[in-house]
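Please open the model in a viewer and keep a selection panel at hand. The stops below are given in the order in which they may be selected.

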Amino acid sequence: MSRTLYPYPVLFGRPELEITRVRVDGRQLDFAKISHSQRSVALDGIGGTDDEKWQTATLDVRATLPEEEIADGPWSELHCVAVLEEAATETRIVRRLIKDRASGTWQGSVPLHRSRHRSRATLGVQVVAAVGDVRGRLIGRSENDWVLDLQEQLPVRDKEIDIVEVDFRDGPHVWLRPFKDAPWFIETDGDMPTVYLNQGVDGLGLLLRGNGGPAEKATAALVNAQIVSDAWVTMFHAAAGDLETDEDGNVRVPPGWRESVLLAMLPDVLPGLSPTDALHELLARREDGDGWSTLQARVQYAASLRAQLPKQLAATLRATTLASEGATR
Amino acid sequence: MNTDLSTRPARTATADRIGLLPTGVAKRHLNRAVLAGAEPPAQVALLRASAPVDDASARWNSEPVRVLLEQAMARFEGDRAAADAWLAPRLHATLRLTRGEAANKDLWAYLGLIVAPDYVIWRHRPVVADEERRTPTVQSARFVGGNNSQALARLWWAAELFRDGADYAPAEFACGNQDVLNTALRLDIMEHRPTAQAVLRVVRRLADAGTPRLGDHVNALTTAVRVARSTLVFEALGPDELPDEAGLLDWVADADSAPPVSWDRLPDGPDDGGVPAASVATLTALFEDINTHLARARDRRSSAA
């Protein structure tokens, strides 16, 4: 069922999960809030006047299992459960699904109580069966879990970094004052990383919103790529700094965006290693200091790739060359 | 009524109410002097950077939390670790938070740096021998940190994960054992209430039997249980009931009329449904089984040595 090896027979076929309908406090959720392609549901800004006050979203789900394989397999007491979880709130709800004889799919509903969640919950499915004389074995699980986002109005999977434009010197954030001459500052301590753009730098916001000619547009793209690249470097270090080992020496990955950032960047930072090995290597280098400095160049490189810095730089160089040729012609 | 005040929303936090302090700001104020307890955190600046909670409920008053923590420091002057078992259920019953609210690190940063920095220092300052010249400092994660490390968050989450509905007794027991408190809180297996209760049953039996080096046994047991969880679905073996959401929300709403928690009797938690006894029994049997295997493995190792 995955890269992990199990000491008993497990399913080769992947169980698939669909959310068929969402009701919020009894009212059906707008279909535009559910994206099947992104496997995502947006639970913020739900109609009505009192939209922040909803209590329970009921998720109707349908799971499809590799039934032929199951029929021929060595399993008994097989059943299927939906698992709703959010690590940040230590919440996991497990609900048994019932097999629908007509369609052959497994169906049921899972309640999501707002009070037990904070930002993002995931919903997946697990298949449980008795193998030999051992009951309750995990024999299969879905791969692409659904994302239920309590803070998004649109059902998108990839969250964007928050961008806040403030005046560093005279604005409301006192702590930004020491950085009054910096064009931007990246903050990674919160639930989501935030990029603060300095309104005190004349024309920066205007440039980035980009309504100028080709040269201005190219410059804006380059500055933007530089900010994004800085953000990746900062996020990578913040996430790497939060890595811990547990009692058994396994690396514990910080949840949320920190995990996503590490998984996205490690193949470029430490190429050729499996995700688990790369995490171990990263932690070892951080703790021993050995090879930590050589890693920095690769972090820069991986961040610039993600930010498309080489591409934007080439485009800017071309635009400025054309502009100066136009001026001399 | 002062119209000027009512038209302009109160934007800044005040020390008499619990607010939200951005963790980034909080970390910048944790210099060595603060971590050593030599200087209090800069309260005025921190309050200015904080946001009030947009809810008039009495549960956001900081006074009851202050009173409770001062009582804990007075009672457990000689044995700081023992304060955890007393404090965890009482803190949980005083704050009356939902898990969604408690997952906000800004809340705990506010409590740690603005409401109770003296408690954080008192509870977590390391004891060092006199010949050590350096001033002992508290880890910054005790002020600003995750569910299992921040000084007050760890107690709240322990009470939340180990209580049996309204009954805090299992949580009190769990917090009375630093090994349970420190290792178990880091494991996601405790999200499943019957699993948490079953682990506590086995630990309680070992403790009652006067098992030597209980901490080692607890660590070995929780590790083995977690390994078992990678192939066994505990939720299928010992299913839990859905939490009673209305019971929890009523309890939260009752914060305005509830008297302060008793210092000598355990308070009642939210009545959101007890843990199913049959599921706890099934899992307890399973974990006792695992514990027996561990003991046999230990015996084999020691006889081989």
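Select B:R205 to begin: this residue is partly exposed, with a relative accessible area of 39% (buried means under 20% relative accessible area, exposed over 50%, partly exposed in between, with a 1.4 Å probe and protein chains only). B:R205 forms a salt bridge with B:E288, and their closest N and O atoms are 2.6 Å apart; a salt bridge is a side-chain nitrogen of Lys or Arg within 4 Å of a carboxyl oxygen of Asp or Glu. B:R205 lies in helix 13 of chain B and B:E288 in helix 17 (residues 277-304) of chain B, so the pair ties together parts that are 83 residues apart in sequence. Helices (H or I, at least four residues) and strands (E, at least two) are DSSP runs, numbered from the N terminus.

The model is predicted: local features need pLDDT of at least 70 and side-chain atom pairs pLDDT 80 or more, while totals for chains, interfaces and linings use all residues. Residues are numbered from 1 along each chain as its sequence is written, chains are lettered from A and ligands numbered from 1 in the order in which they are written, and side-chain values use heavy atoms, with hydrogens and water left out.

Next, select A:R92 and B:E191. The two form a salt bridge, with the closest N and O atoms 3.2 Å apart. A:R92 lies in strand 7 of chain A and B:E191 in the loop between helix 12 (178-184) and helix 13 (193-208) of chain B, so the pair joins two chains. A:R92 is buried at 13% relative accessibility, and B:E191 is buried at 10%.

Now display the whole interface. Contact (heavy atoms within 4.5 Å) takes in 34 residues from chain B and 37 residues from chain A. Between chain B and chain A there are 3 salt bridges.

Move to B:E160, in helix 10 of chain B. Is this residue buried or exposed? B:E160 is buried, with a relative accessible area of 6%. Its side chain makes a polar contact with the side chain of B:R99 at 2.8 Å (a pair of N or O atoms within 3.5 Å; within protein, one must be able to donate a hydrogen and the other to accept it, and residues adjacent in sequence count only if both atoms are side-chain atoms).

Finally, select A:E67 and A:K99, whose side chains meet in a salt bridge (3.0 Å, N to O).
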